[in-house]
Amino acid sequence: MKQHIHIGIVGFGAAGVSAFLQFIKIVQENPKLDPRKITISAIEKSGEMGPGLPYSTPEKCHILNLPARVMSPIPGKPDDFVIWLKENPSLWKKQYPKFKPEEDDFPPRSLYGIYLKHLAETTKQQAEKMGMAVNFIHDEVVNITPMQDAKYTVTLRSKPALEVNQAILCIGHLPSSLYTELKGKKNYFHSPWPTSKLRVIPDGKTVYVLGTRLTAIDIANILAKYGENIKIVLVSRGGLLPCVIGNTKEYARLHLTIQKILAETLNGLKEYIRLKRIQELFWQELETAENKKFDEKARQAFLNPTKTPKEWLKAEIAAAKSPSPRHWQSFLFSLYSIVPYIWQVLSTEDKETFLKDYFSIFMTYLAAFPLKNAEKILAMLESGQLEVKGGLTSVKHDERTNNFILTFKDGTRIPAKYLINATGPGYSIATTDNLLLENMRKNGLIQSDPFGGIKVHPKTFQILDADGKPLPGLSATGELVRGTFLATTDLGQTVAHIQGVTHMVGEALKKAAKAKNNNSSENVTCISPKNGGKLSFWHEPRSSSEPAAKKTRIKSPRKEQQSGNVITLFEQPVQGTEKTPRENKGKEVLKRQSFGMQ
């Protein structure tokens, strides 16, 4: 391995930690890679390396929305967090004396943050013992610009710039793209994080919260803690609270499977499958799961629940407490793992239809929340401290009264003095105030995806520039790739995406390691999808004596495989890859159960 390789990880929350771990593993498992010639720099703008925004909240009432047994940043080790809790009580027991891992599957998020921080530090120590240089940098990346020789300059706000060969963007959640016109208005909180800023709201006041899903539930819990006389009103278009996580089992799909979709698209010869056909397969699968027929009336009842928020939550809590499996929920949780694949075979028109007509109710069922939080919310509803109201159509600011006017479908207009945006992460780079994305967009290095985030190649995760060309050595994951994969908030999905990125980088490093001298050293500068529908690796000679147009094909993938929870194309299996067993006769069994969006 002749040249020194510098890898930059931009953003060091859960996704960044996962990328770091996976890069280290690649080096450990490849003896041809010299650790002494590899540097990894992780850059994080917040105070701590590891927790990131979601897991840095100090409030113990903010718990994980997914079971601890699937909250691992390590591919193939879904229970690593649980093992860590049992093996390292000295690192957390003092702060959480009442928490018992064997009894509680939904620990505080800040406890998960401690785990991530410890994992990052111990892995850094291991890498340094191998001879690798590892830099943890507390700063903000404000720009990335291309250099010669397939390198990039990573510009920091206050520290010297870095030159890297590979960079992966793991910047996490962007602020909400909704109600940006209200920014700067008095008593409006465009982001509720960190929640400590909400302490300025006096006890006894009425607070309106935009949103009725997971973020809104977090804010309701913290407001109730800050003031027992604060009146909280959650508002949204649908007015539906999430479902509650119940007794779910591993579910083997029979109808809505990758095999069926491949058959529908004639193994890729047809570019798209219609949303209507996906819906037919969905209802067939739901009927199989529930062992009953869903006529048109039952389907409409499923898609358009009519219970009041209190009735809905009572029924959900009762079902979640029941020892009987929630078969429909098991099916939906298993379906989440192939959402990215389905999304990529839908037409633009059908994607728009899905987001407009079905996404909200889909998330109501899929993005379920823990029973303990559901019981808190029900208690608040019954006490009158909390109200949930649907039918929201618009929010305006009245300059004269300095109130926010909330208008509802029935014509009701309600003035609100305090307003919190809890609609969740944003996906529009056009409205974001993220300086890095703004500069990269101005420089033509990224382009907005109409369905959210930035455009990336669906098989390599390489960022596509303004001309639609993949940028070698520059990739993205997490919420930034929402438009390509749709399902991006679940940690399991993000870990699988990063596995794809690190695999590609590992292939590039191995090619470089085979080089005998600088003139013949290979650089993976382009990954071309235009080879009969398959993905091919190409290399270009670095010597100026050879024509730049001359390219040598190295190899192309042999088959499609499922890595973790995302469909991708690799030459050989990576950790977590599993094939559908022939003995299941068309059933698709997933070893790792994904429990919805965090």
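## Contacts and overall make-up

Counting contacts (heavy atoms within 4.5 Å) between residues at least 6 apart in sequence, 70% join residues that are at least 24 apart. This is a predicted model, so local features need pLDDT of at least 70, side-chain atom pairs count only at pLDDT 80 or more, and totals for chains, interfaces and linings use all residues. Residues are numbered from 1 along each chain as its sequence is written, and side-chain values use heavy atoms, with hydrogens and water left out.

The protein holds 16 helices and 22 strands; these are DSSP runs numbered from the N terminus, helices being H or I with at least four residues and strands E with at least two. Of the 598 residues, 57% are buried. Here buried means under 20% relative accessible area and exposed means over 50%, with partly exposed in between (1.4 Å probe, protein chains only). The protein exposes about 26,200 Å², and carbon and sulfur atoms supply 50% of that. Those areas come from the Shrake-Rupley method with a 1.4 Å probe, and for residues only the protein chains shown count as cover.

## How confident is the model?

Confidence here is pLDDT, the predictor's score for each residue, from 0 to 100. The mean for the protein is 86, and 85% of its residues reach 70 or more. Then there's the stretch 516-598, where pLDDT stays under 50. For those residues the model has 220 contacts beyond four places in sequence.

Two strands pair if DSSP finds at least two bridges between them. Axes are lines fitted to C-alpha atoms, for helices over the stretch in contact, and angles run from 0 to 180 degrees between N-to-C directions.

Gln462 stands opposite Ser475 of strand 17.

Another open sheet is made of 3 strands in the order 4-5-6, with antiparallel pairing. Strand 4 and strand 6 (162-164) are at the edges, and each has a single partner strand, so one side of each is left without a neighbour in the sheet. The twist averages 25° from one strand to the next. Strand 5 (residues 152-156) and strand 6 run antiparallel, joined by 3 bridges, and the bridge partner of Thr153 in strand 6 is Glu163.

Asn143 belongs to strand 4 (residues 141-146). At 14% relative accessibility, Asn143 counts as buried. Leaving aside residues up to four places away in sequence, Asn143 touches Thr153, Val154 and Thr155, plus Leu436, Asn439, Met440 and Asn443.

## Salt bridges

Side chains of opposite charge can pair when their charged atoms come close. The rule used is a side-chain nitrogen of Lys or Arg within 4 Å of a carboxyl oxygen of Asp or Glu, and by this rule the count comes to 22. One of them joins Asp34 and Arg36 at 3.0 Å, N to O. Asp34 is buried at 17% relative accessibility, whereas Arg36 is exposed at 61%. There is also a network of salt bridges linking Glu59, Arg199 and Lys225.

In helix 6 (residues 275-290), Arg277 and Glu280 are 3 residues apart, which means about one helical turn separates them. Their closest N and O atoms are 3.0 Å apart in a salt bridge. Arg277 is partly exposed at 25% relative accessibility, and Glu280 is partly exposed at 35%.

The side chains of Glu382 and Lys314 meet in a salt bridge at 3.6 Å, N to O. This pair links distant parts of the chain, with Glu382 in helix 13 (residues 371-383) and Lys314 in helix 8 (residues 309-321), 68 residues apart. Glu382 is partly exposed, with a relative accessible area of 45%, and Lys314 is partly exposed at 41%.
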